[in-house]
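Thanks, everyone, for making the time.

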Amino acid sequence: MLMERLNKYLASTGVASRRNADKLIAEGRVRVNGKTVTELGKSINEVNDTVMVDDKIVKPASDYSYVMFYKPKGCITSLNDEKGRKTIYDYLSELNIPHLVPVGRLDYDTEGMLLLTNDGDLAHKLTHPSFEVPKTYLVKVKGEMPEHKLAQLRKGVVVDGELTKRCKVKLLEYKDGESKLQITITEGKNRQVRKMFESVEREVIFLKRIAVGELRLGGLSRGGYRYLSEEEVYYLKHI
């Protein structure tokens, strides 16, 4: 009998990451063979059981897609927005890939690399803190960045009441009253990079994600996208 955890099964369909699949279950939005399931950790028979989310049958995607997108500043990482702001899907509408979801988020004022996929297992791996996938950003802040402030960032600073993990920070240049830096973190807290610099009294005026692991943003213009190569997908799965 082919038994599988329900949250992993839901992730394989592309409707949510494993973490968000648990939320769907807890909210009573998932049914198995017509019965609502709220028990976390439940296993199902992936061949014989029928799984529904919000009254729609979901099945594992047979052909996954992996996309790199250069998110411009001034759009949100969401399917729609109650404020009427532009979303990443306004740039990606021609792809027409079912259940294509962003791997993590970039805030409204941040630009750069955003990966999207309907492979729920890979999305879970790349976003879960336990895997510590490095993400690299180019940052500009107002003012100088003396060594003692860089040391604070590298060692860890308090963000939203928690100490951030050690990270890599390199000062690239100081010019016209602004410091340009490169920072690599292994977490993904909300607006983390901005808050880290706020903790050392520096305001971020430009933020761009340039890499996830060794996969770098290059050859794309703002708003552009491309499919990942087989080698790139293999790398992400084994990062």
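This is a predicted model: local features need pLDDT of at least 70, side-chain atom pairs count only at pLDDT 80 or more; totals for chains, interfaces and linings use all residues.

Let me start with a sheet: four strands form an open sheet in the order 3-2-5-6, and their pairing is antiparallel. The edges are taken by strand 3, residues 35-36, and strand 6, residues 56-57, and because each has a single partner strand, one side of each is left without a neighbour in the sheet. Strand 3 is joined to strand 2, residues 30-32, by two bridges in the antiparallel sense, and within that pair V32 stands opposite K35. Helix 1, residues 6-13, packs on this sheet, where it touches strand 2 and strand 5, residues 51-53, and its direction makes about 70 degrees with that of strand 5.

The protein chain has an average pLDDT of 91, with 99% of the residues scoring at least 70; confidence is lowest in helix 1, at a mean of 85, and highest in strand 14, residues 178-185, at 98.

Now to strand 15, residues 204-212: is this strand mostly covered or mostly open? Seven of its nine residues are buried, so it is mostly covered. With strand 10, residues 135-142, strand 15 pairs in the antiparallel sense over seven bridges, and L138 has K208 as its bridge partner there. With strand 9, residues 111-117, the pairing is parallel, over two bridges, and G112 stands opposite R209.

Finally, strand 15 runs antiparallel to strand 16, residues 215-216, with two bridges joining them, and V212 has L215 as its bridge partner. These two strands form a hairpin with two residues between them, and in the turn G213 has a positive phi of about 60 degrees.

Terms used: Residues are numbered from 1 along each chain as its sequence is written. Side-chain values use heavy atoms; hydrogens and water are left out. Two strands pair if DSSP finds at least two bridges between them. Contact means heavy atoms within 4.5 Å. Axes are lines fitted to C-alpha atoms, for helices over the stretch in contact, and angles run from 0 to 180 degrees between N-to-C directions. pLDDT is the predictor's confidence in each residue, from 0 to 100. Buried means under 20% relative accessible area, exposed over 50%, partly exposed in between (1.4 Å probe, protein chains only).
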